[in-house]
Each structure stands twice: as structure tokens, then as C-alpha cells.
Amino acid sequence: MPTVEPLGERIRSLRKSLGWTQLELAMRADVSERTVRSIERDRPIKHDSLLCIALALGVEIRDIVRDPAQIAPLLCWRRNVDTLIELVTPYLQSGDPTGFYDIAHRDVEIVCRVEDTLPGAKWFSSSYFSGAEGARRFIDTSLQLRSQTVSRHARAQPPQGASNIVIIRGTELRTFCDGEQENTWWVRIFDFAEGRIRRLDEYVGASQFDWPEG
């Protein structure tokens, strides 16, 4: 998550006007006391943390950020993340990509790079898809891969990126009908335009990691 530069003196003044200690503000904002100390020293902070501080103080985030122009791309990034969470969660978690239709840009480009040694690589013989027809072929291909999968367990890290770029990394264990398994790492880079996915770059490679039993 990108950072912003806070107005430390302004935040300190607002806190003291409310009669709060740094610890009290931290508790009300659900952040650490160390975070409050850092903010009041003008150190860059994650946008979401500063937003929590603003809500606790009862002000707008633009009132406690050094450059309000920093907020617009961050709000754009947050909207894009929310879009992914709402519509593409089935794709990220269970391999069901059908929600992709709803947020694919009309000129969408999809690039998939899968290691040749992975069992699932054969389903992505075409690694480049474009436009509405390409999005349909990408989804059909993903569904074919899903139909050959007995079980799938995926873990995703928190989104990263900035403005129109959202990056999600994760690991996955997939078992196929023929008994083959693949342990993978993956990176998906979503590039948004007009609130829709304009480009998706997907990288998948072999990984060694342990999954808990049960």
C-alpha cells in the first residue's frame, strides 16, 4: 500500500485539543502508539492508517495530509482493490473466473506466463488474449483447467500497487484428476482503466512450501 506524508503538527494539535494522549488516539484509531508517534514526527504512513487517524479525530484525511494531491491516486487504488475483492474473489480463491466478465475493459489484454514443467501449463497453450473474445477464451481455458482439478488451496497476500495498478501474490496447491500435483507461486498484476481491468499479467511458477494437514 502506498504511503502519504502526514501533517504531524496538525495531528498533534488536534489530539491535544481533545485532551488525548498518543496512546488514547492510537486506541481510538486502532493503530499502534508507535504509529501515532511516527505520524506526529511527519514520517510517511500508509494511507489506510492515516485514514483511521482522521476518522478518530473527526476530520477529513485531506486535512491532515501534507499534499492533498496524494489522496486522489490512493483513493483510485482503493476503489480498484474493492472492485477486485467484490467481483474477482471467486477467481482468486476458488479458480472460478466468471466474475472477470463484469469488470474486463472492452480492450482488455491478458498475458499468462506458466512454467512448462507444471501440469496446468498445457491448458494455457495460448498465453495472450485480447478484447472481449480473448476474455472469453481466457475464461473458457481457466474453466477447463478447473474441471481437471480435484482440489485447490490458495493463499493470497494483501494487495500492493498504486493508482491503477493492483498486484496480488500468492501460493497454491492443486491436485489434478490424473493424480498429478503442482505447488506454485503466482503473481497477478491488474492494470485498471475507467474502473475496469485493462490488462492482466499472470505469472505462475513451481514453488516448494508446506501445507498444514487436514
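**View 1. Helix H2 crosses helix H4 (residues 47-57), with axes that come within 8 Å at an angle of roughly 105 degrees.** H2 is therefore roughly perpendicular to H4, a term for angles of 65 to 115 degrees, with under 35 degrees counted as roughly parallel, over 145 as roughly antiparallel and the rest as oblique. Axes are lines fitted to C-alpha atoms, for helices over the stretch in contact, and the angles run from 0 to 180 degrees between N-to-C directions. Leu25, Arg28 and Ala29 of H2 meet Cys52, Ile53, Ala56 and Leu57 of H4, contact being heavy atoms within 4.5 Å. The residues of this contact divide into 6 nonpolar, no polar and 1 charged. Ala, Val, Leu, Ile, Met, Phe, Trp, Tyr, Cys and Pro count as nonpolar, Asp, Glu, Lys and Arg as charged, and the others, Gly among them, as polar. The model is predicted: local features need pLDDT of at least 70, side-chain atom pairs count only at pLDDT 80 or more, and totals for chains, interfaces and linings use all residues. Residues are numbered from 1 along each chain as its sequence is written, and side-chain values use heavy atoms, with hydrogens and water left out.

**View 2. Asp30 and Asp42 are residues other than glycine with positive phi.** Asp30 has phi near 60 degrees and lies in the loop between helix H2 (22-29) and helix H3 (33-40). Helices (H or I, at least four residues) and strands (E, at least two) are DSSP runs, numbered from the N terminus. Asp30 is exposed, with a relative accessible area of 71%. Asp42, with phi near 70 degrees, is placed in the loop between H3 and strand S2 (45-46). Asp42 is partly exposed, at a relative accessible area of 35%. Buried means under 20% relative accessible area, exposed over 50%, and partly exposed in between (1.4 Å probe, protein chains only). Most residues other than glycine have a negative phi.

**View 3. Strand S7 (residues 165-176) is largely enclosed by the rest of the structure, because 9 of its 12 residues are buried.** S7 pairs with strand S5 (residues 149-156) in the antiparallel sense over 7 bridges; two strands pair if DSSP finds at least two bridges between them. Ser151 stands opposite Thr175 in S7. Thr175 also stands opposite Gln181 in S8. S7 and strand S8 (residues 181-193) are antiparallel, with 11 bridges.

**View 4. Two hairpins include S7: S6 with S7, and S7 with S8.** Strand S6 (residues 160-162) runs antiparallel to S7 and is joined to S7 by 3 bridges. The bridge partner of Gly161 in S7 is Val166. With 2 residues between the strands, the hairpin of S6 and S7 has Ser163 at a positive phi near 55 degrees. The hairpin of S7 and S8 has 4 residues between its strands, and Gly179 in the turn has a positive phi of about 95 degrees.

**View 5. Ring pairs link Phe100, Phe129 and Phe138 into a cluster.** Rings of Phe, Tyr and Trp (its six-membered ring) pair if their centres lie within 6.5 Å; planes under 30 degrees apart count as stacked, over 60 as edge-to-face and the rest as tilted. By this rule there are 2 aromatic pairs. The rings of Phe129 and Phe138 have centres 5.7 Å apart and planes at 65 degrees, so this pair is edge-to-face. Phe129 is buried, with a relative accessible area of 1%, and Phe138 is buried at 0%.
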